[in-house]
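Reader: Could you show me how to read salt bridges in a model like this one? I would like the general idea, then the cases.

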Amino acid sequence: MELPPLEHYVATQDQLVFQGFQFAKLAEPDGSAGSQFLKDFAGPEAGDAREAMIRESETDSLSLLLPETDAQRLLEGLGEVEGYCFVSGEPETGREPRRRTFAMDCEMVETAAGFELARLSIVQLMGEALVQPPQETASPSRKRPRPQDGGLETSAVLDVFVLPRNPVLNYLTKYSGITKEILDGTRVTFAQARAAVLRLLRRQDVLVGHSLENDLKCLRIAHRRIVDTSILYAHPQGPPRRASLKWLAKTYLDQQIHADEQAGHDSVEDARVSCEGLSARRTDRGPR
């Protein structure tokens, strides 16, 4: 059975508001200025440069990261609406922009200022023939073997640990997998991580994840083309309860995630499960 395309599951405005996406009611700025501004960071052939950037990032996430000063300049140039920076459209190249599908997951730590970003992971959907889910448990490796029987292939295009801006009070290792030693070894700043997302995503792209309002709030990034598995797969007892990603993976994919409570969550694994979980839709076990 051929399944509906991801476009079919993009959340409505009302769903985003109900789910708590803080930017949902904000007036989106004209993206043309931001789109052209991004050309300064992608070269003269913006479309080709972005494709090359994504291909390179499959083996090196750092190819998406700008130096700190350039990251700050990009963020200032794009501007904010009530603290949120909106994802821009594709810079004008004379060609029809291609829609991409990405899945994102973030890990946070508790700091003196609240919860802050400590790890950012984004995977790209390499094919959209959503027929059968992969049968193996999702692996945290950067690139997996091509799935059999029409399953999905995803590739990690960004996976970085990020320095919090304030002193850490609790690493939340049981959930985040983050330790002091991990963060002591990173030099990636919040501005660099945020700018990398804004360089990668475009307005026409679909972003998949689980309870993405938390990740986007942490990043202070607004994007409206959202496929959220916590919306798509309702909790058996109804709202405001939400099904956990662990429960969804076990129920619809027969995959065990978050099994090692000492190691915490793996954001690459979680991003993959949220994306590949869409392939588990069946007429007898669908999420509706």
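Author: Happy to; we start with the ground rules and then go through the pairs.

Author: This is a predicted model, where local features need pLDDT of at least 70 and side-chain atom pairs count only at pLDDT 80 or more, while totals for chains, interfaces and linings use all residues. Residues are numbered from 1 along each chain as its sequence is written, and side-chain values use heavy atoms, leaving out hydrogens and water.

Reader: How many salt bridges does a search of the whole structure find?

Author: Side chains of opposite charge can pair when their charged atoms come close. The search finds eight salt bridges, each a side-chain nitrogen of Lys or Arg within 4 Å of a carboxyl oxygen of Asp or Glu.

Reader: Which parts of the chain do E28 and R224 link?

Author: Their side chains meet at 3.1 Å, N to O. E28 sits in the loop between α1 (13-19) and α2 (31-38), and R224 in the loop between β7 (221-222) and β8 (226-228), 196 residues apart. Helices (H or I, at least four residues) and strands (E, at least two) are DSSP runs, numbered from the N terminus.

Reader: Is E213, which forms a salt bridge with R242, buried or exposed?

Author: Buried means under 20% relative accessible area, exposed over 50%, and partly exposed in between (1.4 Å probe, protein chains only). E213 is buried at 8%, whereas R242 is partly exposed at 34%. Their closest N and O atoms are 2.4 Å apart.

Reader: Which residues do shared partners join into one network?

Author: Salt bridges that share partners connect E28, R203 and R224.
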